[in-house]
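Hi,

Here's the structure I said I'd pass along. Have a look at it first, then read my notes below.

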Amino acid sequence: MKNNLMCLRGLLLLIACLLMPVLAQATPVQLKIAFLTQKMPAAAALSNLDPVLIDEGLQGARLGIADNNTTGQFTGHQYSLQYVELAAGADVGQAFERLLAEGYQYVIVDVQHVSLLALAKRARENNVLLFNVSLADGELRNESCANNLFHLIPSYEMQADALAQFMLKKRWNKWFLVKGNEPDDKRFAAAIKRSAKRFGMKIVAEKSWSFEHDTRRTAQAEIPVFTQGADYDVLLVADVKGLFGDYLPMNTWLPRPIAGTQGMVPRAWHRTHERWGAVQMQNRFYTQAGRWMNDVDYASWLAVRTVGEAVTRTNSTDSTAIKAFILSDKFSLAGFKGTKLTFRPWNQQLRQPVLLATPRSTVSVLPHKEFLHPLTYLDTLGYDKPESSCSFNQ
Amino acid sequence: MNKYLLLLALCVSTSFADTLYITLEKDNALAVVDGASGTLLKTVPLGQRPRGLALSKNGSLLYVAASDDDTIQILDTNTLKVIGDLPAGEDPETFRIHPNGRWLYVSNEDDNIVTVVDVEKRSVITEISVGVEPEGIAISSDGLWVVNTSETTNMVHWIDPRQQGITDNTLVDPRPRAAEFSVDNKSLFVTSEIAGSLSRIDVASKQVEQQLSFRIPGVDQELIQPVGVLAHPDNRLLFVALGPANRVAVVDIQKMEVIKYLLVGQRVWNLAFSPDLKRLYTTNGVSNDISIIELDSLKVTKSLRVGHYPWGITVKDD
């Protein structure tokens, strides 16, 4: 009887021992990422062709979390996403403080320029890493750059440089620049001018579209008149919200191609992109979201994958260790663009090829190999180290 | 008449003759090439987007993954007619057959699984969950290990065929593509497309032992994207296809050093030896041809146009 009891105890002990590692595996390291987005009033659409997206970015982040968790099942990491959506007038700072209180160290931000600057300060004070997935203006990567802020979306300057390199190769050296009135239009136009200078292009004419006409009725009449004047090779348009740019193709006085925010567009991602395994990404995203992936989705996916890759490689969840790894030589991300993606240490912008696309085809992927650079050809796009005015110490 | 010519061509080839089967990704077809003479014998229609392929153990059947048809087609190697298909999960790409001749392991890229198929019963044995975008499959010749690489998870998953489940995982460089066991099954070689590197993993400890980064003077580092890898039975040389670098690296296995880079066609994907080990064949996706390399001299002797986007290759001893 006693012997039997002993046996039973031994058996129980054995079972307990066998179970231990299983239990240890059953409680993976948790890593939480927040997605903070502020809805902006939808711009007056030129047409009803494109549905207004209510889940832009979120779907990319969700897919990234799913991908990270697939890896996590082998590494013992579990990723979760908290989605915080704020109304147009809501207090972004307050929402961010709540995330800080809840212990979030990784926050994907899809907010306005002013809000981001305020968040960046608080992020630095609290050792939190921010991932910008939607703002493309150069100032955030230069004068207003911030220590704990990473940029996943290509800057306007990277986009414009991609266009300029393409034009240089085509020898379309004379540009007609048409810009809108919005702040982002001005930023994109400034990037276009910077690229023109950088690649020896000439802006032979520049005009602002001021919405003095009812273009819905008179595009055919107005655009030819508006574009009369100088001879040029290509018309570059800066209309970020898409308020008039789509009227330009086929309506210009001279038969010329359109590029920029409409016509042939520079993109981080495009539904026509299918090289380097991108088809798998397109399919996975479509299955999940029921729509095609856009730039903000792609940037959000990259943000989540950046964290996931760093956590997997360092086996740490501490933001200081993760940041150090992300900026080290050891970090590289595969983003379906045929080359590894890394961060520029001088402004924490993700290096990446830019796609030039028309609605139904990817025309080219820039930079082309002919654009040489001592470090990496990817640094021929955007602010290179010597041009950067970013200083993280301020 | 053509039939007789083909028959004649087959008869003329000596006992060293070999037949190459090459999948043409964009032609939805199979190119059949006489290896010794380097001539295209015929082209056979297949399912959509054919990629991975392998012969049955006795060489009588040819299995071809028709990725966009979500199936593996079975061809009779005598008639080259499709005689059936295997359930292969969605978007099958690469697969290998276990030395027992019965279990076929195929990666299903979109579903993050490896499907195990019984080729005799033509039924699915099980599905094994792996990392994101499973790609390469390799099986040790002793049949003890099946490995699968996952491109986005960046891991090698070690599948024990006796349990049909994962027992170990090894983290490797970004975007692992192909894997190949050394002839003695002591090492596993894995190519990483984005990192431009080759890892040698110790099979016993499952740890990365040594790494090699490819560098070619005058070729952009970004273009060096290692894909297919093939170990020579002498256990001395390893051949690595470098994708858009348009070269095959000849690697000394012991030193893990590149002996030579061989210039081949554009975007070289996959590799295969002739059965007599006189020749190495490469499929070149962009230039639509195959390159034939003489192994004794390590020289590229011929290139042959075979059709659009040649991808997979397997060789049959005639």
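Leaving aside neighbours within four places in sequence, which residues is A:Leu130 in contact with? The list is A:Val107, A:Val109, A:Leu119, A:Ala120, A:Ala123, A:Asn148, A:Leu149 and A:Phe150, where contact means C-beta atoms, placed from the backbone, within 7 Å.

Before going on: this is a predicted model, so local features need pLDDT of at least 70 and side-chain atom pairs count only at pLDDT 80 or more, while totals for chains, interfaces and linings use all residues. Residues are numbered from 1 along each chain as its sequence is written, and chains are lettered from A and ligands numbered from 1 in the order in which they are written.

A:Leu130 is also one of the residues touching the most other members of the largest nonpolar core, which has 111 residues. (Such a core is a set of buried Ala, Val, Leu, Ile, Met, Phe, Trp, Tyr and Cys residues joined through C-beta atoms within 7 Å; buried means 20 or more other C-beta atoms within 10 Å of a residue's own, again placed from the backbone.) Helix α9 of chain A, residues 295-314, supplies the largest share, ten residues. Helices here are DSSP runs of H or I, at least four residues, and strands are E runs of at least two, numbered from the N terminus.

Now try helix α6 of chain A (183-198). Its buried residues include A:Phe188 and A:Ile192, and the buried residues pack against α5, β6, β7, β8 and β9 of chain A. After the helix comes A:Gly200, with a positive phi near 70 degrees.

Finally, the contact between the chains takes 15 residues from chain A and 18 from chain B. On chain A's side, α2(A) gives the most, four residues.

Cheers

Technical notes:
A residue is buried if 20 or more other C-beta atoms lie within 10 Å of its own, exposed if 12 or fewer, and partly exposed in between; C-beta atoms are placed from the backbone. Two residues are in contact if their C-beta atoms, placed from the backbone, lie within 7 Å. The expected span of a helix is 1.5 Å times one less than its number of residues.
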